[in-house]
Amino acid sequence: MFTFKKTRSQNEFVIDKRLRTILVICQLVTLLSLMSELTLWMNAIISLCLIWQLSIIFGALSQPNKYLIFLIAIFGAVAIATSGRELGLLLSMIHLICFAYAIKAMELNTRKDFFQLVLLGVFLLACAFIFHQSLWFSSFVFVLLVINLSLLLMYFGPRLPVVESFKTSTTHLFLSVPLALVMFVLFVAGDLK
């Protein structure tokens with residue numbers, strides 16, 4: 001699962017190859033849900049980041065240093081800013097969040113980085129509902145949400161096998177549905193008054 005390597009300044013961790021691969025696949029599928037909304041150049045940048053991550057996992061490339069990540073981040077931010085007028089505010093923000101989601105995994109060094117990456121994935125799944133509202137897509141998003149929550153459970157919870165983590169996350173999501181429905185009804189009823 002996860003093993004921790006203590007340093008003086010922060011708690012660093014190393015994710016084993018199998019779980020890091022699940023994380024990259026989850027990123028890929030999450031970003032595919034918004035691929036049609038992204039420009040060709042943004043899809044190319046995101047693809048390069050994901051390919052680089054897979055190369056790191058399988059030992060073909062080493063982890064990039066922070067200066068290279070900084071240069072990639074500056075390049076992406078400038079590209080988004082220059083095309084912002086033609087994209088509009090909503091698509092510019094979607095581009096920025098997708099870019100941050102792809103590049104954040106390049107510097108996965110602390111618990112905070114891991115937590116931020118998974119939360120960005122969940123936020124992007126919510127953003128995808130802006131563009132797609134079908135039952136099939138909702139089921140697809142539900143599966144991705146289970147995978148994201150399972151990754152958090154594997155990190156913060158007891159050491160469970162991957163399948164057991166998926167089962168636990170699914171159970172907890174289904175148990176939260178009645179509470180979500182009650183909250184929805186209370187908010188709608190409060191809005192009608």
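Predicted model: local features only at pLDDT ≥ 70, side-chain atom pairs only at ≥ 80, totals over all residues.
Residues are numbered from 1 along each chain as its sequence is written, and side-chain values use heavy atoms, with hydrogens and water left out.

**Exercise 1.** Work out how many disulfides there are.

*Solution.* Start with the rule: a disulfide is a pair of cysteine sulfur atoms within 2.5 Å. Next, take Cys98: the closest cysteine sulfur is in Cys127, 7.7 Å away, so that's too far for a bond. That puts the count at zero disulfides.

**Exercise 2.** Decide whether Cys98, Cys127 and Phe70 are buried or exposed.

*Solution.* Grab the cut-offs: buried is under 20% relative accessible area, exposed is over 50%, and partly exposed is in between (1.4 Å probe, protein chains only). Cys98 sits at 0%, so call it buried. Cys127 has 8%, so Cys127 is buried too. Phe70 comes out at 53%, so Phe70 is exposed.

**Exercise 3.** Check the span of helix α5 against the expected one, then find which of its residues are buried.

*Solution.* Helices are DSSP runs (H or I, at least four residues), numbered from the N terminus. The expected span is 1.5 Å times one less than the number of residues. With 16 residues (89-104), α5 reaches 22 Å from first C-alpha to last, close to the 22 Å expected. Now for burial: the buried residues include Ser92, Ile94, His95 and Cys98.

How values were computed: Helix = DSSP H or I, 4+ residues; strand = E, 2+ residues; numbered from the N terminus.
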